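Hi everyone, thanks for coming. I'd like to walk you through a structure that may be new to you, so please have a look at it with me.

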Amino acid sequence: MITEEERRVLEFIDSGREDIIGYLRKLIGFRTITPQENETAKGEDYKDFQNFIRSTLEEMGFDVDMWEIDASKLDSFPGSGVLKDRDLSNMPALAGKLEGGGKGRSLILNGHYDVVPPGIIENWRHPPFDAVMEDNKIFGRGANDMKGGIAAIIHALKAIQQAGVILNGDVTVETVPDEEQTCMGTLSCCQRGYTADAAIIPEPTDMKVLVAVRGSVYGKITVLGRAGHAEVAHPDWPEGGAVNAISKAAKIIVALDELNDEWKMSPEKQHKYLDPDIITPTIIHGGEWPVTVPEKVEIIFGSVFIPSTKDKIKEIEAKLKNITNSDSWLKEHPPKLETEGWQYGAEVKENEPIVDTGREALRDLSFEPELRGFGSLTDAIHLINHMGIPTISIGPDISTAHMADEYVDIDELMNTTKAMALCIMRWCGTGT
Ligand SMILES: [Zn+2]
């Protein structure tokens, strides 16, 4: 049931439609592309973006803290995904806090402002940073993932203020970099001490309540052979013959497929909202010369897994050991497994109060209040695991995230803003 007070706030959101659209278009115009692994953010757009948010929040009475993240100083632990060498300079994090007027529950509203690269520009109907409007949609990189969500948070809070509603609990707005690579922006907010009784990240979720995300790990398996002339016969390897690293690597790739089948069937890998664990070879390098038996192959892989998977690396190692033990060469020359930046999955219980708050807001806006999972991960991993903050996401359609012609439907942007407003008022309490 929408109360009279809530109805007034929703009306301010409706009458502010043009402002919300204009604000999001401005946010899309900042080119805040996540730098590649070994790169540093170039240009002023990241700082300009954060300064723009800062001035909005300051005008609204927030106390704003903005800082540069030194990855080498972040506390690193299993599942944290911390890459100590990553240079995050020029991509500040920001946390703005508005103290509540009473003793309500506190809330973090978090959004990442980095966006994945636009890819091949010619594939875009409209330039990716021009925020062109067409068919009731705003096109641009980050439109739904997730500058739309950031605009929604801010305009939900604006409408609450315009309606003269005083929130009882504290609200902290966090806008963070590097979610698309490492999630170290949000981790930095956590380690700087920002906490709350619950958190919402308006990532795109097709207007459903996101309660579970999978963890991920990336790595490399190096398989060694022994070089030799490819067009002459060789004795067995113990007698000094050549060994084809590509043939050995093929065995390993087959073993990884078996691993996927095992996970698919395993009762331990079943999850109500998520697909079972999976490992995918994504890049392969091998061989040196057309007439030389290849002596080295590198298999690069990614693996995603449900939150209850605590040590994915150990599971991959065990399978490699199996295959290694069945091959005399590999037994003597075991493949080397190297991983980096593994990040844990996360989930909130269905009966967490913030989940109910999210569902009820959606129901009152005439959406099916469904729960869902996401096969990849979000910044929720740190809020949930590192800080113990129950965290959900609610946001617009995800289908064009990371694609050419990414867009957000304006009605969904408005509904996300309304869902945020209802969640904020109901969670924090009003009027004391
Ligand atoms: Zn995102």
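Let's start at Asp178, which sits in the loop between β6 and α5 (184-191). Keep in mind that this is a predicted model. Asp178 is not a glycine, yet its phi is positive, at about 70°. Is Asp178 buried or exposed? Asp178 has 26 C-beta neighbours inside 10 Å, so it counts as buried.

In β6, residues 171-176, six of the six residues are buried, so the strand is largely enclosed by the rest of the structure. Val171, Val173 and Thr175 point one way from β6, while Thr172, Glu174 and Val176 point the other way.

Which strands pair with β6? Strand β2, residues 93-98, pairs with β6 in the antiparallel sense over five bridges, and here Leu94 stands opposite Thr175. Strand β3, residues 107-112, runs parallel to β6 and is joined to it by six bridges; there, Leu109 stands opposite Val173.

Another positive phi turns up at Asn90, near 80°, and this residue is not a glycine either. Asn90 lies in the loop between β1 (63-67) and β2. With 16 C-beta neighbours inside 10 Å, Asn90 counts as partly exposed.

Two last stops. Asp145 and Met146 are joined by a cis peptide bond, with omega about -10°, and Met146 belongs to helix α4, residues 143-162. Finally, Lys349, in the loop between β13 (346-347) and α9 (353-364), is exposed, with 8 other C-beta atoms within 10 Å.

Methods. Residues numbered from 1 in each chain as written. Predicted model: local features only at pLDDT ≥ 70, side-chain atom pairs only at ≥ 80, totals over all residues. Buried ≥ 20, exposed ≤ 12 C-beta atoms within 10 Å, placed from the backbone. Helix = DSSP H or I, 4+ residues; strand = E, 2+ residues; numbered from the N terminus. Pairing = 2+ DSSP bridges.
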